[in-house]
Amino acid sequence: MKNIKLFSLLLILFTAVISCTELEEEPIGLLAPEAMFKTPTDVETAVLGCYGRIASESYYGRKLTLALQLRSDMCDIGDRGTPSRRQNINDFTADPNNGMLTAFWPRSYEIISAANAALDGADRVEGDENELNALRGEARFVRGFVYYHLVRLFGEIPYIDFFVSDPAAIVDISKTPVSEIYQKIIEDFTFAKNNLPDMQPDGTRFRPTAATAAAYLASVALTRNDYSVAASEAKWVIDNQSRFDLELIPDYQNLFDATKTNGCKEFLFAVDFAAGLQGGGNEGTDWMAPITGIRGSDDQGWSVSVPSIAVYESWSDKDYRKSVAFDDTTLVEGVPTPYTEFQRVQRPHLAKYMRLYGNSRGDGGQSDNNYIAMRYAEVLLIAAEAENQLNGPANSMQYINEIRARARNAGGDPNDFPPDVEAGISQQDLHDLIIEERRLELSFEFKRWYDIKRLDIGTEVFKGPDSLEPHENFDPDKHYLLPIPQKEIDINSNLLPQNPGY
């Protein structure tokens, strides 16, 4: 997966037109798509450029992923000296000028613009139609992937599905209803499922396959409470596991060892970072590792996003996945030191992205991390939840038990925890167990906030007696959506009304 290339020049051409802010402040004139695309290779260049933009500091390398972590009940601000934009996201006090939002909103549309450019190019060149449709499938998958994040975070947003050759064409664009956006996302993922290959060259996992698209169709359906489609799509992936070369890899730790994740058979889609390979738009820059983990220095890290102590203490020490998720001890002047004696923040830190990051420049900024966007375990969890909602526990338990069996393989030293789900469990109890299993199995993988929102459990998890990270100011009528960046509204009043409460 470390052969991703960052096509900076083409990306500038493809993406500089899309931000409403850039339209106002940096007009670039008209673009001529026919001059950019001559062969299918040019289309592939544009598609690969999308992945470079996803693997950037303002998207998966910090801004988007950090916002998702902090918004959940699994992570909290450790060091309150960190910039206020991060604290405000965490504390449900963010306003429309928040600097994290104003970074990943335009980056999202830059990625969408690159995907739209690739689609436009595919229609202009001559070549094998199967090859071109596969490239169209990749571009449409990427577009659906980005819009799937945007619609869950902001609700109604501008939907652009054409190549913007003239910035004036979108300067006054209006928002699109949520239901229409979801329909467009489903159409993109469906096209991708029908046209993507079963495997990408060399088994790479940063480019999607038909199974990836099906997994996202299942996820979208689960988000929309369409349990029949969620179950059907997830089971299609499961039933064709060997066709797509998928498995739960034996050791959970290896999912987060950057030296072992290239071509990992559990990954359906990963965001690929490569130390030493950076681009002009902060592509390839990964700061998630040092802001979440122990950096090995005597101050124990930057402590931006760390678990609340309740998250750590409520997780059974018998669960091998806990030892993978946390670092609670580090060397200080060569002496093993527990978190209770850390100098900066006396809490365990996250280990998934900083313990085994591969090559790195000092304290971070470069890594070989492959951040998991979708993996086979999540497909099993989707199947379990959807099947239980449709038909009860009988055919749902098997999927959870498969995940728990892997968890019992504690780095090659098998144990008896967590046990299989007991027969006779009620439908509601199994539902609760599945949601808890998602929280633990997918811990700190940028999924929990979306679960809180789709299940409408924010009041419970932030204000209830068993809250892991209390926030008494949480308001479900406001905080399930983020505010639309104010500078976008200032330029284009058609983005009004602002989301409720902001």
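Predicted model: local features only at pLDDT ≥ 70, side-chain atom pairs only at ≥ 80, totals over all residues.
R321 lies in helix α14 (residues 320-325) and E441 in helix α17 (residues 427-441), so the pair ties together parts that are 120 residues apart in sequence. Both ends are buried: the relative accessibility is 1% for R321 and 0% for E441. These two residues also belong to a network of salt bridges, which includes E266, D319, K352 and R375 among its members.

A salt bridge also links the side chains of K265 and D245, at 3.3 Å from N to O. Each of these residues lies in the loop between α11 (227-239) and β2 (267-272), so the contact ties together parts that are 20 residues apart in sequence. K265 is partly exposed, at 33% relative accessible area, and D245 is partly exposed at 28%.

Within helix α18 (residues 448-455), R454 and D451 are three residues apart, or about one helical turn. Their salt bridge has its closest N and O atoms 3.0 Å apart. R454 is buried at 16% relative accessibility, as is D451 at 4%.

Strands β5 (residues 329-332) and β6 (residues 335-338) pair in the antiparallel sense over four bridges. In β5, T330 and V332 form the covered face, while T329 and L331 form the uncovered one.

The model contains zero disulfides. C50 is buried at 0% relative accessible area, and C75 is buried at 1%.

Methods. Residues numbered from 1 in each chain as written. Heavy atoms only, no water. Disulfide = S-S within 2.5 Å. Buried < 20%, exposed > 50% of the residue type's maximum accessible area, 1.4 Å probe, protein only. Helix = DSSP H or I, 4+ residues; strand = E, 2+ residues; numbered from the N terminus. Pairing = 2+ DSSP bridges. Salt bridge = Lys/Arg side-chain N within 4 Å of Asp/Glu carboxyl O.
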